[in-house]
Amino acid sequence: MNKRTAIYGGSFNPIHNGHIALAQHVVTAGYADEVWFMVSPRNPLKAGDTLRPAAERLRWVEQALRPYPALKASDFEFALPVPSYTWRTLDALAADYPDRHFVWLVGGDNWEAFARWARGEYIISRYGLLIYPRPGSHVDAASLPAGVSVVDNAPLFPYSATQVREALAAGHDVSHMVPAELIEELQRTYGPAQ
């Protein structure tokens with residue numbers, strides 16, 4: 001039987017505790033056997049002004065996920081054309097890992113914008129989507145098409161990577177937001193200018 005692998009694509013600029021808790025929930029609740037954090041070199045729908053270098057963000061993800069054997073950091077998109085389109089990534093993954101079934105993990109806010117994604121219907125029909133609720137987004141599970149599921153009882157965190165960066169820039173305590181092993185480096189990277 002193919003290993004069910006959820007792909008959690010994102011900038012992870014930086015990775016935070018909400019990302020990790022959600023991925024752990026996806027595994028422990030049985031939605032996937034593993035979650036691969038697909039660090040995106042550049043998201044086609046996001047401006048790159050505040051984006052840290054891809055290798056740096058990947059290293060942060062690797063450090064943060066060490067305690068979690070079912071969660072993996074992936075640089076797979078680094079070798080793909082930029083910008084990274086989800087359908088291309090999934091097709092390339094399926095070709096390289098034929099022993100796995102891939103599904104894409106997205107937030108409710110991304111689902112609301114899914115009509116803007118390149119080849120969205122193809123992604124749903126060929127791979128499927130797992131949607132996790134985000135504060136401020138509404139997903140009506142009853143109206144979802146085949147191949148799209150909501151992650152039930154997903155932990156909700158009231159902050160985003162942008163808010164983590166803002167808290168660091170303001171010199172606030174972020175120990176509840178990011179893994180302990182990353183705090184010092186993130187403070188140096190995003191903290192108040194000296």
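This is a predicted model: local features need pLDDT of at least 70, side-chain atom pairs count only at pLDDT 80 or more; totals for chains, interfaces and linings use all residues.
Q: What does Tyr8 touch, leaving aside residues up to four places away in sequence?

A: With those residues not counted, Tyr8 touches His19, Leu22, Ala23, Val35, Trp36, Phe37, Met38, Leu105 and Tyr132. Tyr8 is buried, with a relative accessible area of 4%.

Q: How should I read a pair of aromatic rings, and which geometry do Tyr8 and Phe37 show?

A: In general, a pair of aromatic rings is described by the distance of the centres and the angle of the planes. The count here comes to 13 aromatic pairs. In the pair of Tyr8 and Phe37, the centres are 5.2 Å apart and the planes make an angle of 50 degrees, a tilted arrangement. Because Tyr8 belongs to strand β1 and Phe37 to strand β2, this pair ties together parts that are 29 residues apart in sequence.

Q: Is Phe37 buried or exposed, and how are the rings of Phe12 and Phe37 placed?

A: Phe37 is buried, its relative accessible area being 0%. The rings of Phe12 and Phe37 have centres 5.2 Å apart and planes at 45 degrees, so this pair is tilted. Here too distant parts of the chain are linked, since Phe12 is in the loop between β1 and α1 while Phe37 is in strand β2, 25 residues apart. Phe12 also counts as buried, at 3% relative accessibility. Taken together, ring pairs link Tyr8, Phe12, Phe37 and Tyr132 into a cluster.

Q: Over which rings does the charged end of Arg119 sit?

A: A charge over a ring can be read from the distance between the charged end and the ring centre, which for Arg119 and Trp87 is 4.5 Å. The charged end of Arg119 also sits over the ring of Tyr122, 4.3 Å from its centre.

Q: Which residues of helix α3 are buried, and what covers them?

A: In helix α3 (residues 86–96), the buried residues are Thr86, Trp87, Thr89, Leu90, Ala92, Leu93 and Ala94. Their cover includes β1, β2, β4 and α5 (120–126).

Q: Where does Thr5 lie, and with which side chain does its own side chain make a polar contact?

A: Thr5 lies in strand β1 and is buried, with a relative accessible area of 0%. The side chain of Thr5 makes a polar contact with that of Arg100, at 3.0 Å. Residues up to four places away in sequence again being left out, Thr5 touches Glu34, Trp36, Arg100, His101, Phe102 and Val103.

Q: What is the place of Ala29, and what separation do the C-alpha atoms of Ala29 and Asn153 have?

A: Ala29 is found in the loop between α1 and β2, and at 41% relative accessibility Ala29 counts as partly exposed. Although Ala29 and Asn153 are 124 residues apart along the chain, their C-alpha atoms are separated by 9.0 Å.

Terms used: Residues are numbered from 1 along each chain as its sequence is written. Side-chain values use heavy atoms; hydrogens and water are left out. Contact means heavy atoms within 4.5 Å. Rings of Phe, Tyr and Trp (its six-membered ring) pair if their centres lie within 6.5 Å; planes under 30 degrees apart count as stacked, over 60 as edge-to-face and the rest as tilted. Helices (H or I, at least four residues) and strands (E, at least two) are DSSP runs, numbered from the N terminus. Buried means under 20% relative accessible area, exposed over 50%, partly exposed in between (1.4 Å probe, protein chains only). A charge sits over a ring if NZ of Lys or CZ of Arg is within 6 Å of the ring centre and within 35 degrees of the ring normal. A polar contact is a pair of N or O atoms within 3.5 Å; within protein, one must be able to donate a hydrogen and the other to accept it, and residues adjacent in sequence count only if both atoms are side-chain atoms.
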